[in-house]
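Here is a walk through one protein model, strand by strand and helix by helix. Keep the structure open and follow along.

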Amino acid sequence: MSNQEVRKGEELPAVKLKQFLQENHLIGSIESELFVKQFTHGYSNLTYLLSIENKEYVLRKPPIGAIKRGHDMSREFKVQSAVKKEFSKVPKMFAYTDDAAVLGSEFYIMEKVEGIILNFKEAKKRDIPANDYKTIANAWLDTFTELHQLDYDAIGLTNLGKPEGYVERQVTNWGKQYLKAATKDVPSAEKVMQWMQENQPKNYQHCLIHNDYKYDNVVFKDNSWKEITAVLDWEMATLGDPLMDLGTSLGYWTLASDHDFVKQGIPSPTIFEGNPMRSEIVASYAKKSGRDIHNMVFYYVFGLFKIAVIAQQIYYRYSKGLTSDPRFANLDKAAELCCNLALKSIKTNSID
């Protein structure tokens, strides 16, 4: 996760922020000097590193002009606080507020976890040997499986979601969200939505799912890659079908053999030599979790479509001038490409 100084228009009011930190016993004096950097990682919520009094905190808040759904900070704070009881691999939560008088929106403060976040740039810079990617994938899957075994009732998350009818609701809702954000006609999107309606599983297991589980949302302890110290970005966590979670992860699992535009649109360390194929990830997950994975094309197609919708929604905000980040200028093309890939997967009945 790389840091940069704060983007124009996304600055934080220092005095109000320091008052909040002091009220929550996170700093001793509001006279102390506060240093703020912005994490460049991620297309969704705004994330900042706060350095003050020799301590470091991470602050997360929704992007400017965002709808509440999908950027629910209280939910993210609540989920991580609860998960921490049974699952050590989550940052410690310190304070949350929905008082817009402080920063103009809700936000929360959590601990900064030390370690390595393996995004594409980081992986490229480290020039990781092919053999290490097996270790990386294995640690990543072990943690994923562990997360799916959490007893959500025991940690107080029984009301986080409605597992019954989860798949059907997801297919319908993501379809609606796509149509709402569409900026042109994409024939493959229509076909994929239709196919998912007709081919969704009716019976499935359920558990706590993360919904955005990928390499750059976990923190590796060190470059032995054997241990993950934290899972980040819980904003979409809910109760549902664990294979939907896996399908989303597979959507981000781009391979060296994928189309060049995909590799640019979803830049992931998974494209480097030594990474398992998507089908190998699925087989490994099945073995670790004991779950039946025969319907994986549906889940992979859903994962790709979901990524298409997220990209299209960000592009929609960009096209309306609500955000000026230049990274967003081609996200409509990335969305269309994800739909084309999903259609290809349906036609070939393959996820590789």
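A residue counts as buried when its relative accessible area is under 20%. Keep that cut-off in mind for strand S3, residues 46-52. In S3, 6 of the 7 residues are buried, so the strand is largely enclosed by the rest of the structure. The model is a predicted one.

Start with the partners of S3. On one side of the pairing list is strand S2, residues 35-39. S2 and S3 run antiparallel and share 4 bridges. To find this pairing, look at Phe 35, whose bridge partner in S3 is Ser 51.

Strand S4 also pairs with S3. The two run antiparallel and are joined by 7 bridges. Leu 46 stands opposite Lys 61 of S4, and Leu 49 has Val 58 of S4 as its bridge partner. S3 and S4 form a hairpin with 2 residues between the strands. In that hairpin, Glu 53 takes a positive phi near 50°.

Now stay with S4, which spans residues 55-61. What share of the strand is buried? The count is 5 of its 7 residues, so by the under-20% cut-off S4 is mostly covered. S4 has a further antiparallel partner in strand S6, residues 107-111, with 4 bridges between them. Here Arg 60 is bridged to Tyr 108 of S6.

Leave the strands and turn to the helices. Two packed helices are described by the angle between their axes and the distance between the axes.

Begin with helix H8, residues 242-252. How many of its residues are buried? The count is 11 of 11. The buried set runs from Pro 242 to Tyr 252 and includes Asp 245, Thr 248 and Ser 249.

The axes of H8 and H10 come within 11 Å and cross at roughly 155°. Angles over 145 degrees count as roughly antiparallel, and H8 and H10 therefore fall in that class. The crossing is right-handed. From H8, the contact uses Pro 242, Leu 243, Leu 246 and Leu 250. From H10, it uses Arg 278, Ile 281, Val 282 and Tyr 285. By class, this contact has 7 nonpolar residues, no polar ones and 1 charged one.

Next, look at H6 and H11. Their axes lie 9 Å apart, at an angle of about 30°. Angles under 35 degrees count as roughly parallel, and that is therefore how H6 and H11 run. This crossing is left-handed. The H6 side of the contact includes Val 167, Val 171, Trp 174 and Tyr 178. The H11 side includes Phe 298, Phe 302, Phe 305 and Val 309. The residues of this contact divide into 11 nonpolar, 5 polar and 2 charged.

H7 contributes Ser 188, Ala 189, Lys 191, Val 192 and Trp 195. H12 contributes Glu 336, Cys 339, Asn 340, Ala 342, Leu 343 and Ile 346. The tally for this contact is 7 nonpolar, 2 polar and 2 charged.

Two single residues complete the tour. Val 297 lies in H11. Why does Val 297 count as buried? Its relative accessibility is 12%, and the cut-off is under 20%. Beyond its sequence neighbours within four places, Val 297 touches Trp 195, Ser 345, Ile 346, Asn 349, Ser 350 and Ile 351. Trp 195 and Ile 346 also take part in the contact between H7 and H12.

Asp 325 sits in a loop, between H11 (296-319) and H12 (331-348). Leaving out residues up to four places away in sequence, Asp 325 touches Arg 7 and Tyr 318.

Definitions and conventions: Residues are numbered from 1 along each chain as its sequence is written. This is a predicted model: local features need pLDDT of at least 70, side-chain atom pairs count only at pLDDT 80 or more; totals for chains, interfaces and linings use all residues. Side-chain values use heavy atoms; hydrogens and water are left out. Contact means heavy atoms within 4.5 Å. Buried means under 20% relative accessible area, exposed over 50%, partly exposed in between (1.4 Å probe, protein chains only). Two strands pair if DSSP finds at least two bridges between them. Ala, Val, Leu, Ile, Met, Phe, Trp, Tyr, Cys and Pro count as nonpolar, Asp, Glu, Lys and Arg as charged, and the others, Gly among them, as polar. Axes are lines fitted to C-alpha atoms, for helices over the stretch in contact, and angles run from 0 to 180 degrees between N-to-C directions. Angles under 35 degrees count as roughly parallel, over 145 as roughly antiparallel, 65 to 115 as roughly perpendicular and the rest as oblique. A crossing is left-handed if the near helix is turned anticlockwise from the far one by less than a right angle, and right-handed if clockwise.
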